[in-house]
Structures are given as C-alpha cells and as structure tokens.
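Please keep the sequence and the model in view while reading.

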Amino acid sequence: ELLSRWFVRPINFSTRKARGEYELDEYVFVNKTTFARKLLNWDFIEFTSYWWNFYWITNTFTLRKHPLFWKNVCIVVDPVGRAAIAEHLNRIGIHYETYYLHINEDTQKERLLERWDDEFEILKRQRDFWWFHQTNKCIRLDWTKPTKDLADFIINRTV
C-alpha cells in the first residue's frame with residue numbers, strides 16, 4: 001500500500017532462488033560469489049543469512065546523489081536488520097521512523113512454520129521481537145487494521 005501511494009524501496013538482494021518475486025521487483029537474485037564481492041566492498045546497509053542464503057540492502061540509497069535519497073523510503077526488515085539500518089542512518093545523520101506491525105503470537109508462529117522454521121527458531125524470534133520493540137523507539141501498528149488505514153497513518157506522519 002505504501003509503495004503504491006507515496007514510498008519507494010531500496011533494492012534488496014538475495015542469494016536464494018526466486019519464488020515469484022520478479023513481477024514484484026522485490027529482489028535482485030545473485031550468486032554467492034557476487035555476494036562475497038559486495039561484502040568485501042561494504043556495498044550494503046545491512047545483511048543477514050537465513051537457511052544458508054544471504055539477504056542484504058544496498059547502501060547506495062543513502063548517498064545524497066542517489067535519486068532515492070530525496071524520497072520516502074520503505075524498508076521491511078526484522079529487528080536485527082532494523083538495528084543495523086538505524087545505526088547506519090544515525091551515523092550519517094538521516095532522520096527515520098520505525099513502525100512495527102504487531103501480529104499476535106499464534107499468527108506469527110503460523111507464518112514462521114510456513115517458512116520451515118523449527119520450534120526453537122520460532123521461540124527465539126518471538127522473544128527477539130518482543131524485546132526489541134519494547135526497548136527501541138518503534139511505533140506499534142495493529143496488523144488487524146485495514147492496510148489503507150495503516151498507510152494513511154504513516155503517510156500523515158511523514159507529510
């Protein structure tokens with residue numbers, strides 16, 4: 001909803017195989033050699049690994065000459081990714097807000113099971129999400145509200 005109305009997103013990269021994202025322009029899929037080269041050049045704002053694949057967001061959108069620098073950027077990440085991005089943006093003096101779309105634990109567990117997470121990983125993620133959003137300045141949004149209402153709230157805060 002945000003992307004269709006007023007926001008843009010930086011480019012996400014992954015070493016995993018595509019699962020239909022090409023039509024959504026969500027990821028650029030590369031091999032692990034390309035990832036290693038990007039890593040050596042520090043060409044990312046954050047990166048993580050999951051199920052033996054790597055995911056990262058290029059840092060080029062934080063450069064003043066980059067077209068996305070002057071736009072409202074929407075990034076969807078987990079708490080670890082948010083911490084890395086926040087550190088980078090704080091270091092270079094870019095204002096940002098963090099929104100946390102809260103879902104109940106049963107729904108979260110169901111979604112994680114669909115991704116093949118085991119019980120230990122699910123409990124760890126639930127603990128990390130609870131701790132993280134309690135200790136960082138995140139604006140909590142209710143996942144049961146209509147997407148349009150959530151987008152309206154965020155857009156009205158950034159205008």
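The numbered points below go from the overall layout to individual side chains.

1. The structure is a predicted model. It contains 6 helices and 6 strands. Read from the N terminus, the order of these elements is α-β-β-α-β-β-α-β-α-α-β-α.

2. Burial and surface. The protein has 159 residues, and 35% of them count as buried. Its accessible surface is about 11000 Å², with 56% of that area belonging to carbon and sulfur atoms. Among contacts with a separation of 6 or more, 57% are between residues 24 or more positions apart.

3. R16. This arginine is found in the loop between strand 1 (12-14) and strand 2 (27-29). Is R16 buried or exposed? R16 has a relative accessible area of 6%, which is under the 20% limit, and therefore it counts as buried. The side chain of R16 makes a polar contact of 3.2 Å with the side chain of Y55.

4. The two ends of helix 2. Helix 2 covers residues 32-40, and at its start a side-chain oxygen of N31 comes to within 3.2 Å of the backbone nitrogen of T33. After helix 2 comes W42, which has a positive phi, near 55 degrees.

5. Aromatic residues. The whole structure holds 4 aromatic pairs. One of them joins Y99 and F153 in an edge-to-face arrangement, with 6.5 Å from centre to centre and 85 degrees between the planes. This pair links distant parts of the chain, since Y99 belongs to strand 5 (residues 98-102) and F153 to helix 6 (residues 147-158), 54 residues apart. Y99 is partly exposed, at 23% relative accessible area, and F153 is also partly exposed, at 36%. Elsewhere, a single aromatic cluster is formed by F35, F44, F47 and F54.

6. A salt bridge to helix 6. The structure has 4 salt bridges. One of these connects R157 with E97, and their closest N and O atoms are 2.8 Å apart. The two residues come from distant parts of the chain: R157 is in helix 6, while E97 is in the loop between helix 3 (79-92) and strand 5, 60 residues apart. Both partners are partly exposed, R157 at 42% relative accessibility and E97 at 32%.

7. How many residues apart are D152 and K148 in helix 6? They lie 4 residues apart, about one turn of the helix. In an α-helix there are 3.6 residues a turn, so residues three or four places apart point the same way. K148 is partly exposed, at 48% relative accessibility.

8. Helix 4 and helix 5. K109 forms a salt bridge with E119, the closest N and O atoms being 3.3 Å apart. K109 is in helix 4 and E119 in helix 5, 10 residues apart. Both count as partly exposed, K109 at 30% relative accessibility and E119 at 43%. Helix 4 also contains L113, a residue that is partly exposed with a relative accessible area of 41%. Which residues does L113 contact, once its neighbours within four places in sequence are left aside? The contacts of L113 are with E119 and I122.

9. A nonpolar surface patch. W51, W52 and W116 together make a nonpolar surface patch of about 490 Å². W116 is placed in the loop between helix 4 (105-114) and helix 5 (119-135). Is W116 buried or exposed? With a relative accessible area of 63%, over the 50% limit, W116 counts as exposed. The loop joining the two helices of the previous point therefore contributes an exposed tryptophan to this patch.

Methods:
Residues are numbered from 1 along each chain as its sequence is written. This is a predicted model: local features need pLDDT of at least 70, side-chain atom pairs count only at pLDDT 80 or more; totals for chains, interfaces and linings use all residues. Side-chain values use heavy atoms; hydrogens and water are left out. Buried means under 20% relative accessible area, exposed over 50%, partly exposed in between (1.4 Å probe, protein chains only). Contact means heavy atoms within 4.5 Å. Accessible areas come from the Shrake-Rupley method with a 1.4 Å probe; for residues, only the protein chains shown count as cover. A polar contact is a pair of N or O atoms within 3.5 Å; within protein, one must be able to donate a hydrogen and the other to accept it, and residues adjacent in sequence count only if both atoms are side-chain atoms. Patches are made of residues with over 30% relative accessible area and no salt bridge: like charges are joined within 9 Å, nonpolar side chains (Val, Leu, Ile, Met, Phe, Trp, Tyr) within 5 Å. A salt bridge is a side-chain nitrogen of Lys or Arg within 4 Å of a carboxyl oxygen of Asp or Glu. Rings of Phe, Tyr and Trp (its six-membered ring) pair if their centres lie within 6.5 Å; planes under 30 degrees apart count as stacked, over 60 as edge-to-face and the rest as tilted.
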